[in-house]
Each structure stands twice: as C-alpha cells, then as structure tokens.
Amino acid sequence: MRVIGKSVGRKDAEEKVTGAAKYTDDYIFNNMLHARVVCSPYAHALINSIDWSKAEKVPGVRSIVTGVGLPLTGEEIRDRSPIAFKKVRYHGEVVALVVADHPAQAAEAASLIEISYTPLPVVNSPRQAFQPDSPLVHEHMEAYEINVNVYPEPHTNVAHRTKIRKGNIEKGRMESDVFVEGSFSFAPSDHAAMETRSCFAEIRPNGDVIITSSSQAPFMIKKLISSYFGVEIGKIIVNTPLVGGAYGGKASVQWEFLAYIAAKSVEGRPVKILYSREEDILTAPVHIGLDATVKLGCTRDGILKSAEILYLFDGGAYADKSPDLSRAAAVDCTGPYHIENIWCDSLCMYTNHPYASPFRGFGHSEVHFAFERTMDMLAKKLKIDPLELRYINAIQPGDTTPTQVLLNKSNVGNVRACIDKLKELMDWNGETKIESGKHTVRTKGVACIWKTSTIDPNASSGVILTFNPDGSVNLMSGVVEIGTGTKTVLAQILAERLRLDYDKIHVKMKVNTQTTPEHWKTVASRGTFMAGRAVLAAADDAILQIKSIASCILRVRVEDLEIDSGKVFVREEPGINLKFEDVVYGYTYPNGNSIGGQIIGRGNYILRHMTYLDADTGAGKPGPEWTVGAQGVEVEYNTINHTYKVVKAYSVIDIGQVLNEKTARGQVMGAMSMGLSFGGRETFYFDQHGRVLNHRLRTYRPLRFGEQPEYAVEFIHTPHMEAAYGARGVGEHGLIGMPAVLGNSLSLAAGVELNHLPLIPEQIWRAKRRPQE
C-alpha cells in the first residue's frame, strides 16, 4: 500500500505548531457578552433563597439566571436541571449564572450573590450509597423520564443495574478447587485536558441557534437542545473547532446548555462561557469512581471456572452518561479470559459527588484494575507464573464473551500472541522481583486487556467528498479532531482508495452540523472504524461517477476503466486516459457541449447487528469487535520510605493494520502515561461533607514533564475484516491496563495487596500498617 501504514505528517500540524490554530475561546465578537457561574459550596443542601440585589447593581450586568422554569436534562435519565433548582447535589454544582459585558464584571457580580442553604446528609461513596439506610440523593426517581435500556431502582440510590448471567455460577463453584476474593476502590478524578471547557451561543432574530463549543459531540448538542428546550432541530447549528484535549470529558453536554440559557436571557446576544481551571475540575463532569468486589474460582491447574463480581460505580449526583459507563464495564467485566460461569452486577450509584462522564477507556481501566489485581492474587495463591495463568485462560476464537457473543478471528484479536510478545519485550523469565540495592527492589507487573465499544446501536457516520478543478479532494467528516490525528488517518484511507497523492487530500478540520455530515460522537475509539468505512463508501461513490463520465468520453465500458495517480485510464491501454482535472469538474467537448459537473461523493456507515443487552442476563451484541493487548511495567521501590520510580512501561496491542505508525505509537504512549498517572496519583480528596479539597492543579497532580518512564510499544496484526484496511481501534487501549500493572508490581514490591488507588507512598505505608493495627 502506498499511504496506509506510513507516518505521514498530520493535516493539522502546521497551524498547531505555528500557533495559528483557533480553539473555542479564541473566537471573540464585538457584541459578545460573558457569563460566569455561581457554584454551590455544599455537596448536598436545600436552597432556601437567592439574593442578587447587590449583584444586579454591578455596572455591565445584563442578566442573572437561576434554575426556575428550566427543564430537566440527562442523556440516560432526565434528572438534572442545568442550573440547580431547590436543591444542590454536589460541591461545585451551578446555582446561578451572571451575564455581563466583561468577564471581570460577571465575576464580581457572581461573588455578590447571596445564597442561603440548609445542609443535608451526604452520600460520600458508592458503597455507602448501596446501604439500605443510606440517604437518598434523588427521592422521586420514579418521576424522571428514562431512556431505553436503563434500569433504575426507585427508593434506592441505584440509577442503573446491568446483570451478566452466563452459564451456571453454582456449577462453576462446584468445579473450582481454589478461590480468591478481593475488594478494590478509588475515588472520582479529573480529565485534566489542556483546554478547559468553553462555549458561546447566539440566538438570531430568525430563531436560528448558533452554538460553538469545545465538544466531542456537536451533533448530540443539537439533538439535546432541541429535545430539552423545544427548538426546531433544523434551526440549531453547532460549530466545533479544534479541541485541546478531551479524553471523554467533553462528550457530555453541560456548558452548552448554560450558554444557550444565558443567550436567551439577553434576547439572543452572543454569550461566552469559559470555565476557569478550578471550575473545569469542580463543576464539569468527572472521571468515574468505583468500589468493587471480585471473587474467582479455578481448578488446581489454574483453569478459571467461575467469576462473581460486584461493581459499584460512583455515578455522582446525576446519571447523565454513567449508566452507560457501568453497562460498558459489565460487557467486558472479566477481562480477555474464557470463563464459562459468570455472575456480575454492575451498578451505577447516585452519590453526592460531581457526576461522571466518559473517561478514556469508558469504564474499562476501572474494572481491569479490579479484575487483573484479582488475577495476580490468584496466581500467587496457585504459585504459578502470572503471565502463564493469563495465557492458559486467554479468550480465543470459538469462545464467547460475558454477553454471549461468539468470537472469531476477525472480531477478537490474539491475546496469546500479545502475551508472547510482551514476554519477549520484558525479558520475562518468571522472576518478578529482584533485589537491586540495600533498600531497593525492582519488580515487574503484568496485565491483559480488552475492550469493545458499547455505543448506541444506531450510531452512524457520514462523509462527503467534493472535488476541486485541479483534481484534489475536500474531505468532510463529523469526526472532531481532539488531538488523536483521526482526520489525518481518514485522509490516508481516502488517498489509498483513490490511489491519489496524500497531499491532494484537503481535510476540513472544523465541524459545522449544518454542512458537515453527522458522526454520532467522537468517542470509544470508533472514529477511524466508523468514519473510515464511510470514507471508503464515499470514495467508491466518487470513483463510479468519475468512471461513468470517463466512459462516455473515452467510449469504453465503465468496468474497463481504472484510476491511479490522478488519472482514469483504460485497463488494457493505460495510454488512453484522462486526468482527474479534466473529469471531476465536468468535461467540455471542443464544440462547447458539456457533461458531468463537480464530482460529489457521499458515504455512510452504521453499525451492523448491534443489540441492546437483555435486562435479566446481559446477553446481546454490544459492539463490533474487541481490541486486545498485554501490558507490563517495571518499578524500583524504596522499602524504607515507600517511594518508587516507574522505570519502564510496556504495551503490546493487537492493532490489526497500522494506518499511521507514529500516530498509533503516540496514541498508545500517551494513553499509557494517563493510565500511570491515574493509577499512581490522580484522585479527588473528599472531606466528610463531600467537598472536593484539591480542585486546583497545585493540589491535583497529573504526571509532570520529566516524570515519565521509558515506553516500549509493539503491535500484533490480526485484521478486523469489517474495518477499513483491517485496522482496530487503539486510542484508549494503552491506558486500560496501566493502573493494574502498577498495582501488581507495587503489591509484589511492598509485600502487601494494594487494592486502593491512587498508589501514592502514603497509601502504601497505610496498607503495610493495616494488618498490624
């Protein structure tokens, strides 16, 4: 292949490295107003009164908006007012909105609004929420509008329950000789994208609603504003420029509602809302937390026979996307292993924490931490090599998933090949702990991963191609460029199919929902898969049009023509040809007669044979394929002060076909870094009143420059036959196993089971003290 697999330059590279790239906050208009939010200092409280008399006297203030009269919102359960009404349910929830001429005026007015609260009992963890006597976060859940395939349990804090019932769990217990059980937990955390959330909205005199947002889901913004606020959907136009990082945190719709409400309060004038870093951490949707219990049973020689699992996800104060997250976790609840008997309940719990949105991996790094830690505990009890335990239980074609999907060589990668390659990379000989100094040990930890994408079964992606008079092509897709390089890869797919120079492909980076074909959401490692198939369909449509025009001019049958290098020619006589520029904008005969016109190719792809999960068993087909992998880490651990250094991290991913080598490796390495940061230090610290104590980057510390280990990334190539050129999604997979491998290596180093994240030295110290207390 000419372009596929090559490390070609990114289409957005020049404007980004020169600083010319424009993000949402870079757009400013002369008549633009600015909004600031007023946030709750309580995690759970009644709103007694709101006094804005001082605020409205601040010069430049145009309006002050509260939650009175606003509709309930929420993708899975409509349980949230965009601005809190009568009650707040998490620390940082928006209670009022101030619109003014200048951001400083809006901020001053916001600080002068006086709100009286009556604090209420706080639900501070999903395990607490699960207790029968726990306070209710939502007392009248039965009154909410609920989406299909969501199963809340009124009069409890259970927003949704997914059941996985495969085989016979009693039979699995009877066949097992050895059991292990572990409990695991971690709190919610932040996405920490470089660009904070921002948006501006305008309502024009003709009723058109124009929204520009830093979002992964511009078409969902359009759909939800129409649904919630009764705006004709054709009158809503959403623009998304380049996005400065997202990681799932910009897939939820929140700040766009606020911008629309603010614009409506000032007769449609453009209003911008830009979250400060503190607001971005505290107010916006967060990375979900988890409390989990995993019990595994196996034979004496390590063959897994039963898995009993309870996942309690910290969905926070409102459901939004968290039921979907808990469902996705249930789908792949056991990791990439063949287990005949599975009993799993995956619950989304209401708590008084900030509500959750997708995070890179969509519930998978979370459950893999719990399950892969249990696998290491089992290997220790069996006194077996932890990689050998994973190898003998690795899922293979002919096996079925927890949701009972039959696997084949196309829809699942090769787990065992990934393990073999990981052994080679890590120089694995079964020795996982080495004394490397007087107070230092070096240990190795491993894990296996898999992931499918549980997106809506009717999710689709469209692509439009328009040709230019010089024979070049404009590519338009609704995929949002969030930093992944997906639109560059789409250009490569198109160049390969058209057999055209890559430089002849021009990509529209910005998304405009009025002129760009729809792509459901830029999430779930589905951009390349879905839009890639749409690109191929659009390319084939354009090729047929080019050949049809050329067949008239050259007087041959369409099937006798080929295209290559910007020409259409007769297969047997390539000297008889036409250049693209002679055909793609129409052809004019010497006498002036003309045929054809601008070639416009169109293509669409919709997921095939996806189903909802059965409410009682979880049976169903949730996604098109599973990308698998094996990961590892080496750490140096100080036995005196419990500090450690990650020396090297490894990933082997079955990627199918590599489309862009450097982009693929960069995606995996970046995800690995995020996974180590999540496992090693990132978390929210809540006080007893449910307040987040570290909502600043001074106190919320992702990995910094200079703290990164050496990364080793390799690929296995088992093609997915449904995808463009056999490629598998890989944007999230480097992250999925990193918290688990860090936990496994440090548990070995410290000599104690470390089942609670993040793995900071204090946490290790406490875990070592606990058995003696």
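A polar contact is a pair of N or O atoms within 3.5 Å; within protein, one atom must be able to donate a hydrogen and the other to accept it. The model examined here is a predicted one. In this model, the side chain of T627 makes such a contact with the side chain of E625, at 3.3 Å. A further contact runs from the T627 side chain to the backbone oxygen of G729, at 3.1 Å.

T627 belongs to strand β32. Its relative accessible area is 0%, so T627 counts as buried. Its surroundings were listed without residues up to four places away in sequence.

Strand β32 is part of an open sheet of 5 strands. The order is β20-β21-β32-β33-β34, and the pairing is mixed. β20 (433-435) and β34 (710-716) stand at the edges. Each has a single partner strand, so one side of each is left without a neighbour in the sheet. From one strand to the next, the twist averages 15°. Strand β33 (residues 644-654) and β34 run parallel and are joined by 7 bridges. Within this pair, S651 stands opposite V713 of β34. Helix α11 (residues 415-426) lies across four of these elements: β21 (440-451), β32 (627-638), β33 and β34. The helix runs at about 30° to β32.

A second open sheet has 4 strands, in the order β24-β23-β22-β31. Its pairing is also mixed. Here the edge strands are β24 (505-507) and β31. Each pairs with a single strand, so one side of each has no neighbour in the sheet. On average, neighbouring strands of this sheet are turned by 20° against each other, direction ignored. β22 and β31 pair in the antiparallel sense, over 7 bridges. G462 has N604 in β31 as its bridge partner. Two helices meet this sheet. Helix α12 (residues 486-498) lies across β22, β23 and β24, at about 135° to β23. Helix α13 packs on the sheet as well, touching β22, β23 and β31. The direction of α13 makes about 145° with that of β31.

The loop between β22 (460-467) and β23 (473-477) carries D470. At 40% relative accessibility, D470 is classed as partly exposed. The side chain of D470 makes a polar contact with that of S472, at 2.6 Å. Leaving aside neighbours within four places in sequence, D470 is in contact with K504 and E581. V17 lies 453 residues away from D470 along the chain. The C-alpha atoms of these two residues are separated by 28 Å.

A hairpin is formed by β29 and β30, with 5 residues between the strands. In the turn, G592 has a positive phi of about 100°. Strand β29 (residues 585-588) and strand β30 (residues 594-598) are antiparallel and share 3 bridges. T588 stands opposite S594 in β30.

Aromatic contacts were examined next. A pair of aromatic rings is described by the distance of the centres and the angle of the planes. The structure holds 22 aromatic pairs. In one of them, the ring centres of F229 and Y260 are 4.9 Å apart; the planes stand at 55°, so the pair is tilted. This pair links distant parts of the chain. F229 lies in helix α5 (residues 218-229) and Y260 in helix α6 (residues 255-265), 31 residues apart. Both F229 and Y260 are buried.

Another pair joins F529 and Y605, with centres 5.4 Å apart. The planes are at 80°, so this pair is edge-to-face. F529 lies in helix α13 (residues 527-554), whereas Y605 lies in strand β31 (residues 600-606). The pair therefore ties together parts that are 76 residues apart in sequence. F529 is buried, as is Y605.

One aromatic cluster is made up of F184, F186, F359, F369 and F678. Rings also lie under lysine residues. K22 lies over the face of Y27, 4.3 Å from the ring centre. The charged end of K423 sits over the ring of Y391, 5.7 Å from its centre.

Note on methods:
Residues are numbered from 1 along each chain as its sequence is written. This is a predicted model: local features need pLDDT of at least 70, side-chain atom pairs count only at pLDDT 80 or more; totals for chains, interfaces and linings use all residues. Side-chain values use heavy atoms; hydrogens and water are left out. Two strands pair if DSSP finds at least two bridges between them. Rings of Phe, Tyr and Trp (its six-membered ring) pair if their centres lie within 6.5 Å; planes under 30 degrees apart count as stacked, over 60 as edge-to-face and the rest as tilted. Buried means under 20% relative accessible area, exposed over 50%, partly exposed in between (1.4 Å probe, protein chains only). A charge sits over a ring if NZ of Lys or CZ of Arg is within 6 Å of the ring centre and within 35 degrees of the ring normal. Axes are lines fitted to C-alpha atoms, for helices over the stretch in contact, and angles run from 0 to 180 degrees between N-to-C directions. Contact means heavy atoms within 4.5 Å.
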